[in-house]
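Please walk through the model shown here.

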Amino acid sequence: MSNLHEQEFSEKIDMSLWKRLISYAWRSKGLVMFSVFSLICVALVDIAYPLFNKYAIDHFITLGTTDGLGWFFAAYVLAVAFQSIGVMCFVSGAGKLEMQISYDIRQDVFLKLQTLSFSFYDKTAVGYLMSRMISDVARLSEMIAWSLVDVLWALSFVIGCMAAMLSLNWQLALIALCVIPVLAVLCLYFQKKILKCQREVRKTNSRITGAFNEGIMGAMTTKTLVREQANLEDFQEITTTMRKVSIRSAVFSAVFMPIVMLLSSVGTALALYRGGQEVLLGLIGFGTLSAFLSYTTQLFDPIQQLARIFAEFQSAQAAAERVLSLLDTPLEITDTPEVEEVFGDSFHPKQENWPKLHGDVTFENVGFHYIPQEQILSNFNLHVPAGKSIALVGETGAGKSTIINLICRFYEPTSGRILIDGVDYRERSQLWLQRNLGYVLQAPHLFSGTIRDNIRYARKDASDAEVRRAAQMVHAEQFILEQEHGYDTEVGEGGIRLSTGQKQLISFARVILADPRIFVLDEATSSIDTQTEQLIQQAITTVLQRRTSFIVAHRLSTIRNADLILVIGDGGIVEQGTHEQLLEKKGAYYQLYSQQ
């Protein structure tokens with residue numbers, strides 16, 4: 001498994017991380033400004049309400065007059081209407097902003113996943129990626145669009161309230177605000193506790209998503225091995241961890257909020273006590289005391305909101321670390337800037353500069369390892385002229401698939417070099433090589449959609465006639481036309497509605513439609529019936545003509561016509577020759593053939 005999901009993050013809040021996230025919101029600066037402006041308007045009206053009350057008490061109640069009541073009432077109604085419009089605008093703007101942020105982050109993550117090297121997918125579980133793409137991204141977009149904007153409202157309101165309180169009576173204001181330093185210390189303490197819990201929650205959530213994915217994908221294996229109870233126990237262990245950590249986080253949040261409320265009540269009580277004394281002494285009026293108490297009560301409401309948002313911020317910080325760590329995952333296979341300058345990259349290819357690929361492949365003293373202490377290939381040398389078919393056989397783990405992965409540049413040699421048409425393939429773009437590759441896997445993958453869509457996946461601009469011609473070349477059209485809707489038959493997720501042999505024929509047709517110069521067949525006939533294998537063998541004979549091909553096979557009957565057969569073992573070539581020559585040698589190939 002990849003270390004991606006095991007990564008431990010800093011114990012401190014990373015402001016550079018939040019700057020990157022806020023930059024996603026700033027891509028929609030119009031929505032941000034609209035939402036912030038709406039909330040500031042709401043905050044101004046909230047600050048004005050106690051002043052309305054002060055005026056009403058001092059002017060109407062204390063003086064016992066109704067002069068100006070009409071204008072007062074009109075101004076009050078206008079303020080309420082203004083605030084209502086502000087709330088409506090904020091909800092609308094923040095909702096749109098949340099969707100846009102989620103869209104932008106997922107676009108960037110998906111783009112990153114498209115550019116990551118094959119080795120990344122070789123080591124990373126699908127469940128951990130899905131957790132980041134779905135729950136973590138949703139958490140971030142919600143946090144930025146709503147909570148961070150709420151922070152701006154709360155800060156605006158707190159500053160406004162403090163300014164109003166200080167203008168009314170600065171001594172009384174200082175008494176009411178004396179609890180804020182204590183609140184700040186508590187915030188720092190709970191920050192560390194909640195953040196630590198939330199990081200563990202997000203990590204465990206990824207494990208749960210991974211367990212769900214494996215449980216679904218491996219349902220058949222689970223049932224045939226009667227693993228239901230054991231899998232349930234394993235899953236319960238993970239979810240128990242999730243529950244414990246989540247409860248711990250909830251307890252910290254639950255303790256934090258009442259403390260904030262208690263301190264706010266203490267501040268209000270102090271203001272009431274001191275303010276009541278000053279009213280009795282005639283130092284302030286009833287209207288001023290009423291406004292002041294409103295401010296002290298309302299002042300701690302946004303502080304409580306900030307405390308709540310702060311707890312959410314811890315969770316979002318953990319999610320942000322996980323998403324951005326994925327975005328920052330380094331590429332193991334990259335083109336140099338010089339190569340990209342000439343040939344372009346995966347999304348901006350400069351095909352006009354691409355040389356024609358003929359298919360001559362050369363290994364020069366190639367060494368390779370996945371783990372430094374476990375060498376797979378050592379000083380491996382091989383020359384394959386363009387248009388020749390090469391078969392790779394040998395025991396499991398001998399290095400056959402490694403050679404294929406190196407040819408496809410899914411991995412690169414750790415020593416030596418690989419030449420395509422006489423040039424080190426690292427001097428050409430990955431896209432140039434892989435656009436000229438046709439790869440047929442042992443377990444073919446089909447995408448949701450129709451048979452026609454899956455064949456055309458190789459070349460979106462292919463005509464229906466070209467799609468049919470590709471299907472006919474691999475003898476797939478017969479079974480396709482037997483389907484209820486022919487080429488427009490839905491294959492289901494992963495091609496679940498078709499047999500393995502049918503999926504293999506469609507994947508073969510898809511590769512042929514791409515018209516590659518280098519063909520790779522990795523155990524392409526090992527999972528299909530004999531009749532389908534014969535159809536594919538006929539197709540191979542037709543389509544591999546004048547194309548360089550590499551065939552990995554355990555069924556030696558499928559490679560008898562190869563131009564050269566290589567027996568791979570001990571990090572190199574044990575034997576090589578044609579089928580007849582190797583049988584005459586009565587060596588390793590003869591032993592493999594006799595066993596079958």
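Asn 454 has a relative accessibility of 1%, and because buried means under 20%, Asn 454 counts as buried. This is a reading of a predicted model. The residue is part of helix α14, which covers residues 451–456. Leaving aside residues up to four places away in sequence, Asn 454 touches Leu 446, Phe 447, Gly 449, Val 491, Ile 506 and Arg 510. With Phe 447 there is also a polar approach: a polar atom of the Asn 454 side chain lies 2.7 Å from the backbone nitrogen of Phe 447.

The next element is a sheet. Six strands make up an open sheet in the order β6-β7-β8-β3-β9-β10, and the pairing is mixed. Which strands stand at the edges? They are β6 (437–440) and β10; each has a single partner strand, so one side of each is left without a neighbour in the sheet. On average, neighbouring strands of this sheet are turned by 20° against each other, direction ignored.

Ile 565 stands opposite Gly 577 in β10. The two strands form a hairpin with two residues between them. In the turn, Asp 570 has a positive phi of about 55°. As a general point for reading such a sheet, side chains in a regular strand alternate between the two faces.

How many disulfides does the model contain? A disulfide is a covalent bond between the sulfur atoms of two cysteines. With a cut-off of 2.5 Å between the sulfur atoms, the count comes to zero. Cys 178 counts as partly exposed because its relative accessibility is 40%, whereas Cys 408 counts as buried because its relative accessibility is 0%.

The last point is the confidence of the prediction. The mean pLDDT of the protein chain is 82, and 92% of its residues reach 70 or more. Over residues 1–6, however, the pLDDT is below 50. In the model, that stretch has 15 contacts beyond near neighbours in sequence.

Technical notes
Residues numbered from 1 in each chain as written. Predicted model: local features only at pLDDT ≥ 70, side-chain atom pairs only at ≥ 80, totals over all residues. Heavy atoms only, no water. Buried < 20%, exposed > 50% of the residue type's maximum accessible area, 1.4 Å probe, protein only. Pairing = 2+ DSSP bridges. Helix = DSSP H or I, 4+ residues; strand = E, 2+ residues; numbered from the N terminus. pLDDT = per-residue confidence, 0-100. Contact = heavy atoms within 4.5 Å. Axes fitted to C-alpha atoms, helices over the stretch in contact; angles between N-to-C directions. Polar contact = N/O pair within 3.5 Å; in protein donor to acceptor, adjacent residues only side chain to side chain.
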